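Reader: I would like to go through this model term by term and see which value stands behind each label. Could you set each value against its criterion as we go?

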Amino acid sequence: DLTYSLLTGLGMSFVTDFITTNELLLQILGSLVLIAFAFYLFRKNPTIALKKPEDIPNSFWKDFATGFLFTFANPLILFFIIGLFARFSFILPEFHYYHYILGYVAIFCGALLWWWLITFFVNKVRSHFNMRSLWIFNRIIAGILTIMALYGLYSGITGYIALHNP
């Protein structure tokens with residue numbers, strides 16, 4: 001989250017201009033990617049990837065890198081952060097460097113708190129899930145993603161047609 005925040009803060013005007021210029025194309029491409037991911041998720045059997053706890057070597061750096069890459073692979077976070085920066089006027093000419101340092105420290109602490117809460121919650125409820133519930137959960141999430149992607153695809157295509165056929 002901090003990495004995306006820094007990228008957003010440093011390149012806000014470029015990213016905003018790029019998104020505004022290519023909004024419909026990004027919406028269509030993003031929807032197609034979501035459909036592909038939903039299809040993958042729907043067909044995936046979550047029990048295949050599970051290993052016995054003694055088969056998994058514990059490595060802090062491997063877990064850290066996996067968590068970082070997992071979070072960094074979600075480009076929707078970038079759009080969320082851009083919206084938050086714009087909404088709360090994070091980038092203003094009258095701000096000094098120490099305002100930004102404090103802002104990024106707050107983002108970092110908030111992200112750490114968020115991940116701590118997620119892992120705490122998962123640790124508390126993990127015993128209530130079995131293999132079948134994981135499979136059903138995958139299917140439900142895939143269905144929700146498909147609906148969102150189809151809506152985005154429809155909106156993007158109709159917007160593109162309306163823009164190019166006055």
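Author: In this predicted model, Ser31 has its place in helix 2, and Ser31 is a buried residue.

Reader: What makes Ser31 count as buried?

Author: The relative accessible area of Ser31 is 5%, and because buried means under 20% relative accessible area, Ser31 falls in that class.

Reader: Why is helix 2 called roughly antiparallel to helix 6?

Author: Two packed helices are described by the angle between their axes and the distance between the axes. Helix 2 (residues 23-43) and helix 6 (residues 131-164) pack at about 160 degrees, and their axes are 8 Å apart. Since angles over 145 degrees count as roughly antiparallel, the term applies to helix 2 and helix 6. The crossing of the two helices is left-handed, and the residues of their contact comprise 18 nonpolar, 8 polar and 1 charged.

Reader: How do you know that the length of helix 6 agrees with its number of residues?

Author: At 1.5 Å a residue, the 34 residues of helix 6 should span 50 Å, and the end C-alpha atoms are 49 Å apart, so the two values agree. The buried residues of helix 5 are Tyr100, Gly103, Tyr104 and Ala111.

Reader: Why is Thr71 counted as buried, and which residues does Thr71 touch?

Author: Thr71, which has its place in helix 3 (residues 60-72), has a relative accessibility of 12%, and because the limit for buried is under 20%, Thr71 counts as buried. Not counting residues up to four places away in sequence, Thr71 touches Asp1, Tyr4, Ile77 and Trp115. With Asp1 the separation is 70 residues in sequence, whereas the C-alpha to C-alpha distance between Thr71 and Asp1 is 7.4 Å.

Reader: What does the protein come to in helices and strands, and what share of its residues is buried?

Author: The secondary structure comes to 6 helices and 0 strands, in the pattern α-α-α-α-α-α along the sequence. Of the 166 residues, 19% count as buried. Among contacts between residues at least 6 apart in sequence, 86% join residues at least 24 apart.

Methods: Residues are numbered from 1 along each chain as its sequence is written. This is a predicted model: local features need pLDDT of at least 70, side-chain atom pairs count only at pLDDT 80 or more; totals for chains, interfaces and linings use all residues. Side-chain values use heavy atoms; hydrogens and water are left out. Buried means under 20% relative accessible area, exposed over 50%, partly exposed in between (1.4 Å probe, protein chains only). Helices (H or I, at least four residues) and strands (E, at least two) are DSSP runs, numbered from the N terminus. Axes are lines fitted to C-alpha atoms, for helices over the stretch in contact, and angles run from 0 to 180 degrees between N-to-C directions. Angles under 35 degrees count as roughly parallel, over 145 as roughly antiparallel, 65 to 115 as roughly perpendicular and the rest as oblique. A crossing is left-handed if the near helix is turned anticlockwise from the far one by less than a right angle, and right-handed if clockwise. Ala, Val, Leu, Ile, Met, Phe, Trp, Tyr, Cys and Pro count as nonpolar, Asp, Glu, Lys and Arg as charged, and the others, Gly among them, as polar. Contact means heavy atoms within 4.5 Å. The expected span of a helix is 1.5 Å times one less than its number of residues.
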